[in-house]
Amino acid sequence: MTRDLVAGLVCLAISLVLLAATRGLPEASMLVPIGPGAYPRVVLAITAALSAMLVWSGWRAQRSSRARSAPREAAGQSSGGVRNYGLVLAAFAVFGSYTLLLPYLGFRIATLAFVAAMQALLEPPRSARAWLVLIVVALVTAFGAHAVFERGLSVLLPRGSWTAF
Amino acid sequence: MFELLGLGIIDILQWKYLVPLCLGTLIGIIGGALPGVTLTMTIIVVLPFTFGLDPLQGLAAMVGVYVGGESGGLITACLLGIPGTPSAVATTFDGFPLARKGEPGRAVWLGIWASFFGGLIGGLFLVAATAPLARLALEFGPWEYFALFVLALSMVVGLVETSIVKGLLSGAIGLVITIIGTDPIMGVPRLDFGTDFLKNGFPFLPVLIGIFAFAQVMSEIEAMKPGGALERAITAAPKLVVSHVRVIGEILARPFLLLWSSIIGLIIGILPAIGGSAANMMAYDQAKKFSKHPEKFGTGTPEGIIASEASNNANVGGSLVTIMAFGIPGDAVTAVMLGAMTIHGIQSGPLFMQQQSKLAYGIFAAYLVALVVTVLILWVAARAMLRITAVPKSILIPVVLVLCVVGAYALNNTIGNVHILLLWGVIGYLMVKGGLPLAPLILGLILGDQIEINYIRAIQTDANPWLFLTRPISGVLLGLAAVSVAYALWQHHRQAQRAVESGTDF
C-alpha cells in the first residue's frame with residue numbers, strides 16, 4: 001500500500017469514529033442556536049471527505065505504480081535511501097519509558113537515566129572517555145536543569161512518588 | 001508612536017530585560033548555526049525558561065531567539081556550505097563559493113550586515129503598520145473574524161508544496177484537535193469518550209512541541225550515523241577580518257535589491273504559517289531575475305547573499321505584525337510565542353496594542369535592540385559558532401527532549417501534558433512519514449476555537465448565514481479564501497501537467 005493510501009485510511013477511520021461519537025451531544029438551546037455537536041460534525045465531515053479523496057488518489061497511485069514496478073524490479077532499482085527505523089523505534093521506547101517513569105522516579109533520577117540511555121542508544125560509548133562524557137552530560141542535564149528551573153526560575157518539576165526526590 | 005518606542009527601548013536596555021534578550025539572541029544564533037536544529041526547535045527549547053520570567057522578559061528572550069536564529073544560519077551556510085536553518089539555504093548558493101574564493105570574512109559579513117539592514121526595514125514596518133492594522137481589525141465583527149481565520153487557513157493550505165488534499169487534510173486535523181474536550185460556548189464535554197485524559201482537550205503547546213520537536217528529532221535519528229556531527233569541517237576556522245565600511249558600502253550601493261528583498265521577506269512574514277525558508281528562496285530568485293548579471297549567481301556574487309539574508313530577517317518583522325495585529329501566527333516560531341503570551345495571560349490580537357501598549361512597544365524595542373545584539377555577538381563569536389556545530393547529536397537530542405518535557409510539564413504542572421507531548425510526538429512523526437505537511441495543522445489548531453466561537457457568535461447575533469458573504473469585508477475575505485484554494489489547485493494541476501509533459505517519472 002502507498003503511504004497516501006495508509007494515511008487516508010487511518011484519517012478516514014478516525015474521523016468516522018469521532019463523527020459517530022458526536023451523536024449523543026446536546027442540540028441547540030434558546031441561547032445558543034447551534035448545539036455543541038454542530039461545528040464538530042461539519043469539521044469531521046470535511047475531514048472524512050478529504051481523507052476519502054486521499055484514499056482515492058493513493059489507490060490510483062498504487063495501481064499506476066504496480067504497472068510500472070515490474071520493469072523497475074527487473075532493472076534492480078532500489079527504493080529510497082537507508083533509514084534507521086529500528087533506532088527511531090528504540091528512541092520512542094526510551095522516551096516513552098521516561099515519560100511513564102517520571103512521576104514515580106522524579107525529574108532528577110528519571111532524567112539522569114533517560115539522558116544516559118538515549119546517549120548510549122544513539123552513540124554507544126566505546127572508550128572510558130566516552131563513558132565519562134555520557135555520565136557528565138546526564139548529570140549536568142538532570143541536576144543543572146533542576147537547579148535552573150526550580151531555584152532560578154521558580155518552575156516546579158515532578159517529584160517522584162517512589163523516591164520523594 | 002515614537003515616544004512610546006523610545007520608552008520601550010529605554011525599558012529594554014535595563015539589565016532585567018537586556019540579559020534575557022542577549023541570552024535569547026545568543027541561543028538563537030547557536031540554534032540557527034546548528035545544522036539540523038531549526039528555529040522552531042530552538043524557541044521550543046527556550047520556552048520553559050520564560051515561564052518564570054515576567055511577560056516582557058520572556059517575550060524579549062523569544063524575540064532575541066527569533067532575530068538571532070535568522071542570522072545564525074548564515075555562518076555555517078557561508079563557511080561550511082551547510083545552511084544552519086532552512087532560512088539560510090539561498091545564502092549557501094553564493095556565500096559558500098565566495099568563502100571558497102578566499103573571502104570568507106566578506107561572505108559572512110555581507111550576510112550579517114544584510115540581515116541587519118533587512119531586519120531594520122522589517123522593524124520600521126512593524127512599528128509603523130501594527131497599530132493601524134490592529135485598528136482596522138477592531139472594526140471586525142464575528143463574521144469578519146470567521147472569514148479572516150478561514151482565509152488564513154486556506155492560504156497556508158495553498159502554499160504547501162505537497163498535494164493540496166494533504167494540505168487541506170492537515171488543516172482539518174488541526175481543527176479536529178480543537179473540537180475534542182469542552183465546547184468553548186456552552187462548556188459541554190465533547191468527544192472525550194469518558195476519559196480524564198481527553199476531558200479538557202489537548203492544550204496547544206504540548207501538541208505543538210510534540211509535533212515539531214519529534215518530527216525533527218526522529219527524522220534526524222533516522223538518518224544518524226555514529227559521530228553524527230560536523231567534526232570534519234572545523235579543523236581550522238577561517239579568519240573573518242574585513243573592512244566593515246566597505247561591506248556596508250557594498251550593501252547600501254544596492255538599495256533596490258535590499259529594499260525589494262526586504263519587502264518580499266515582509267510579505268512572506270505577514271502570510272500565515274510560512275517563514276524565512278520561503279522568503280530567502282523567493283528573494284534570491286527575484287534578485288537573480290532583476291540582476292544585470294544573472295549568470296554570476298551561484299558563483300559567489302554579493303547580490304545572492306544580500307537578497308537571501310535581508311529577506312529572512314525582514315520576514316521576522318512581518319510575522320510579528322500578523323501576530324500582534326490579528327493574533328494569527330506568521331509561522332511556527334510565532335505560534336510558540338503566541339502560546340507563551342497565553343501562558344502569561346496576554347491575549348494577542350487587535351486589542352493587544354490598546355490594552356498592552358507598553359508591552360507591545362517593548363516587543364518592538366526588543367526586536368530593534370536584538371538586531372544590534374546579533375551583530376555584536378557575531379562580531380565576537382562568529383568563529384566560535386563553527387566549533388559549536390561539532391557537538392554530537394547524541395548529546396544534543398536527549399537534552400532537547402528533556403527541555404521539551406519541562407516545557408510541556410511546567411505549563412500547569414501536570415504529567416498529563418507530558419503524555420500529550422508523547423502522543424503528538426508519535427502522531428507528528430507519523431504525519432511526516434505519511435507526507436502530511438505540519439504548518440496547516442498548527443494553524444488549524446491555533447485558529448480552531450476562534451473559528452467556532454466567531455461562527456456561533458455570528459449566528460447568535462443574526463441567524464442569516466448569508467451575512468458571511470454579503471457583509472463587504474467578510475465577503476471579500478471569504479472570496480479571497482476561495483481564490484487562494486482555486487489558485488493553489490490550478491498551480492498544482494499545472495505542475496503535474498508539466499511533469500507529465502517533460503516525462504518525469506514519479
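Tutor: Residues are numbered from 1 along each chain as its sequence is written, while chains are lettered from A and ligands numbered from 1 in the order in which they are written.

Student: What is the mean pLDDT of chain B?
Tutor: pLDDT is the predictor's confidence in each residue, from 0 to 100. In chain B, 94% of residues reach 70 or more, and the mean is 86.

Student: Over which residues of chain B is the pLDDT below 50?
Tutor: Where pLDDT is low, the predicted coordinates should not be read in detail. The stretch concerned has 15 contacts beyond near neighbours in sequence, a contact being two residues whose C-beta atoms, placed from the backbone, lie within 7 Å. It comprises residues 229–235 of chain B.

Student: Why is chain B described as being as compact as a globular protein of its length?
Tutor: The globule rule, 2.2 Å times the number of residues to the power 0.38, is compared with a radius of gyration taken over C-alpha atoms. For 506 residues the rule gives 23 Å, so chain B is as compact as such a protein, its radius of gyration being close to this at 22 Å.

Student: How many residues of chain B are in contact with chain A?
Tutor: On the chain A side, 54 residues take part. Their partners in chain B number 55.

Key. This is a predicted model: local features need pLDDT of at least 70, side-chain atom pairs count only at pLDDT 80 or more; totals for chains, interfaces and linings use all residues.
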